[in-house]
Amino acid sequence: MAPYFPWEDQHWPGILLQDYVIYELHVGTFTPEGTFEAIIPYLDELKDLGVTAIELMPVAQFPGERNWGYDGVGLFAAQYSYGGPEGLKRLVNACHQKGLAVVLDVVYNHLGPEGNYLGDFAPYFTERYCTPWGAALNFDGPHSDEARRFFIENALYWTTECHIDAVRLDAVHAILDHSPHTFLEELAATVQEAAERLNRRIYLIAESADNNARLIRSPELGGYGLDAQWSDDFHHCLHTLL
């Protein structure tokens, strides 16, 4: 297995967001092998379909070998059964060599129950709110600064260390935060600073059930500064039409 050289795609600036034609895939079921590297031989076929970006469903470490990924706990650990961080980096490099962007689905609204011991070490969770999937994360309560930083550093890890081009933020309407300067605003500003420093295009795409235009307005207009919004309502309309 060839070693991963972290900057072999250093000249890849990324493609413009309006040029994204996204193919969402589940690493564990896309191929019989269920690994990052097993996807690589199919990249030309995806390009022939007109795809310009692949979106990986969540890959943060979860229990077992196959999972939807939305109950991950080890947010900085790419799933071992998929090939771990080295396998992910090889896939990203292969995509960039073929002119494909890579989007990663991340979950910052809750953490899975199994193996979740973060609350024993720091105030990552709050009882002020609840989510449909478990304890709410502490983004605006006492001692929330470092909890927020944990998730911001996670987004920076995927985008700067693994060269992910865009992060799809799962269900941001369940990120409950009433602080004057919200977690999403801080995340957007920090990721944009990293993109400018690296001379790369890095995008944040929010999934939201609220259809809140403020998510994608610029900070100068009172918005959060995210780059795009995942529209489930449009998706449902297409299902009805078709």
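Mentor: Strand S8 (residues 166-169) pairs with S9 in the parallel sense, over four bridges, where two strands pair if DSSP finds at least two bridges between them. Helices (H or I, at least four residues) and strands (E, at least two) are DSSP runs, numbered from the N terminus. This is a predicted model, in which local features need pLDDT of at least 70 and side-chain atom pairs count only at pLDDT 80 or more, while totals for chains, interfaces and linings use all residues. Residues are numbered from 1 along each chain as its sequence is written, and side-chain values use heavy atoms, with hydrogens and water left out.

Trainee: Which residue stands opposite Ala-206 in S9?
Mentor: Leu-169 stands opposite Ala-206, and in S10 the bridge partner of Ala-206 is Gln-229. Strand S10 (residues 228-230) runs parallel to S9 and is joined to S9 by three bridges.

Trainee: Are the residues of S9 buried or exposed?
Mentor: Five of the five residues in S9 (residues 203-207) are buried, meaning under 20% relative accessible area, with exposed being over 50% and partly exposed in between (1.4 Å probe, protein chains only). Tyr-203, Ile-205 and Glu-207 point one way from S9, whereas Leu-204 and Ala-206 point the other way.

Trainee: Why do they alternate like that?
Mentor: In a regular strand the side chains alternate between the two faces of the sheet.

Trainee: Switching to the rings, how many aromatic pairs are there?
Mentor: The count comes to 15 aromatic pairs, taking rings of Phe, Tyr and Trp (its six-membered ring) as paired if their centres lie within 6.5 Å, with planes under 30 degrees apart counted as stacked, over 60 as edge-to-face and the rest as tilted. One of them is the edge-to-face pair of Tyr-20 and Tyr-203, at 5.8 Å centre to centre and with 85 degrees between the planes. This pair links distant parts of the chain, 183 residues apart, with Tyr-20 in the segment before strand S1 (22-25) and Tyr-203 in strand S9.

Trainee: And why does Tyr-20 count as buried?
Mentor: Tyr-20 counts as buried because its relative accessible area is 11%, and Tyr-203 is buried with a relative accessible area of 11%.

Trainee: Last one: what sits over the ring of Trp-230?
Mentor: The charged end of Arg-168 does, 4.8 Å from the ring centre; the rule asks for NZ of Lys or CZ of Arg within 6 Å of the ring centre and within 35 degrees of the ring normal.
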